[in-house]
Each structure stands twice: as structure tokens, then as C-alpha cells.
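Hi everyone, thanks for coming.

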Amino acid sequence: MNRVLVTGASGFIGRWTVSELLTQGFKVHAVAHRSGVPAEVSGADITHCNLLDAGAVDALIARVAPTHLLHLAWIATPGSYWQSPDNELWRDASRHLIERFVSGGGKRVVVSGTCAEYEWSTAGVCVEKRTPLADVQNLGLSRYARSKLELAKFLEQLSDRTGLSYAWGRVFFQFGPYENPQRLVASVVCNLLRDRVAECTSGRQVRSFLHVADVGHAFARLLHVDVHGPVNIGSDERISVADLVQRLADKLQRRGLVRLGARQGPPEPALLVPDTRRLALEVGWQPRYSLDGALDDTIRWWRTQLDDAT
């Protein structure tokens, strides 16, 4: 039986991968950094490991002897992860993890990347291996994007040297249950459910939003198929941030509480969306949620959370 080691298994994306991998016939070893583990990872062997500790990683690989690695763990704290020096720690720890996985006989690795790897000044519709990537020498590039780009290059070179089968999932914009309440969709939903004003930017930028469970399912599928290199993970539905926020407000019948343009956001590209043909045609994946269905599910989840808290 194939044994997959899933890092970040208790995280926002990771929790949605486990049931899919079990269905695909993997023996799943889920690495979580918290003492508690979510119900979504039931059925997996749970391991608590500090992945920034090289010795602990060595012991983990020796004990599990995984044939497959799905590496999702990384710093993701809203407001700080873009420029946190922890990005370099995670880059180096990820290199060590992957090297030990390969030396231990591992067959295939899939790692989570980001749409921030693309050169945003010319992005638009991003196509793997065609749209220019950001320059790691650019001093204005975020530490997050730079560290992900450097890890992706390391993995590509390692694959060239060793023949390692790998894929790199470039995640675009996701939302859903368990999202940090500081992020866009969660913050708007929580404010509106509490009858509070939701202050937003003008929201003219066009994006692609995907339910986080679909993101997790895409990663699980990507581990199972023999697709090589970068793959965009996102939706082919395009919507402006303003229209997304207004759609949430309409569903909650609280449009009067939305204040578009009340906040000044950082400079962003007007259009940043994925070309999803590789994901659909080569990986054989399709989303289970429409955008409306994903918004409805997210509202239901947050309503339950807020009701339970009162």
C-alpha cells in the first residue's frame, strides 16, 4: 500500500485532503502541529511533529517511510506572512524534508505553491510555464513569494537530478469553513451576520475564488496522477471583489452594511486569475462547488459558529 505523509494536515487546506486520499487507497500519515486534530482527518494516523526541527523530521521519515509526500505546511498568519522571516525557515525546512523523503525511497511529492509566484505586473490570466514568474532578485518582492519560488526551483532541479516525480500546485484564492476571520470572505460574512458594517476596498480587481474543500480535493487528486511540474489550482469563474462582496450581502440581506472603498488596499493587479486547463484536462479534476454553492456553504458554517458562540 502507498503511504502518504501529509504536512499541514490540520490546516485550512490540509484537513480536506485526508478523506480523498483514503478513498484513493493511500495509508495516510497526517502531520499536525496542534495538540487537537480536526474531525476531517479521522481515519489517518496522526503525528505531531515540529517540521522546523531537522532531527524530528529525520525520525519521522525513518518511522513512516512514506512513498508519497503532500507538503502543505507553511506560515500563513494573515497580515504578517507576506514579509515574515519565518518564510526562509520554512523554505529551508521544506528542502530538508524533501531531501530526506527522497533519500528514504520516496516516489512522488506534491507541494503547495502560490499565485504570488507570478509576475503580477504582467499577470492577467496566468498560464503555467508561459506567464512570467516574479524575479527573486527584485527587492520589492515579498519574502513569501521569494521563498516559494526558491523552493520550487530547488524541487525542479532535484527532480532533474534524481528523476523524482513531482508537482507544484499554485493556489489562487480560496475561502470556506475554518478560514481565518481576518481574511476577505470570512470577515465580510462575520461582520454582516453580526449586523456590523463591512468595510472593504473598492474591489475593482477581478479574481478567481474556490471553496477550500475543492482546493484540498485538487491536491489529493494531483498526488494520485502522474502530472509533472506546476499546476494552477483555482476556479475558472471570474468575479470582481466588489461583486463577490455584494453577492454575500444580498444572500444575507444586508447590502446596506457594505462600505466599498472605505479601506485602502495595497497595489494589486486588475486581473489575476488562473488558466485551469492543466488541472481539468491533465489532472482530471473538476470543482464540486459552484461559486454560489461555496458562498452558501460558507455562510451556513459561519452562522453555526457564531450561534454556538452566543
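Lysine 251 is partly exposed, because its relative accessible area of 31% lies between the cut-offs: buried means under 20%, exposed over 50%, and partly exposed in between, using a 1.4 Å probe and protein chains only. Before I go on, this is a predicted model, where local features need pLDDT of at least 70, side-chain atom pairs count only at pLDDT 80 or more, and totals for chains, interfaces and linings use all residues. Residues are numbered from 1 along each chain as its sequence is written, and side-chain values use heavy atoms, with hydrogens and water left out.

So which residue does lysine 251 pair with in a salt bridge? Its partner is aspartate 292, and the closest N and O atoms are 3.3 Å apart. A salt bridge here is a side-chain nitrogen of Lys or Arg within 4 Å of a carboxyl oxygen of Asp or Glu. Lysine 251 sits in helix H7 and aspartate 292 in helix H9, 41 residues apart, and the pair links distant parts of the chain. Aspartate 292 is also partly exposed, at 33% relative accessibility. Helices are DSSP runs of H or I with at least four residues, strands are runs of E with at least two, and both are numbered from the N terminus.

Let's stay with helix H9. It covers residues 291–309, and its 19 residues should span 27 Å at 1.5 Å a residue, which agrees with end C-alpha atoms 27 Å apart. The expected span is 1.5 Å times one less than the number of residues. Among the buried residues of H9 are Leu291, Trp301, Trp302 and Leu306. What do the buried residues of H9 pack against? Their partners include helix H5 (184–193) and helix H7 (241–251), where contact means heavy atoms within 4.5 Å.

Now for another pair. Arginine 91 and glutamate 150 form a salt bridge, with their closest N and O atoms 2.7 Å apart. This one links helix H3 (residues 86–103), which holds arginine 91, to helix H4 (residues 143–162), which holds glutamate 150. Is arginine 91 buried or exposed? Arginine 91 is buried, with a relative accessible area of 15%, whereas glutamate 150 is partly exposed at 23%. Both belong to a network of salt bridges that also links Asp92 and Arg95.

And how many salt bridges does the count come to? By this rule, 20.
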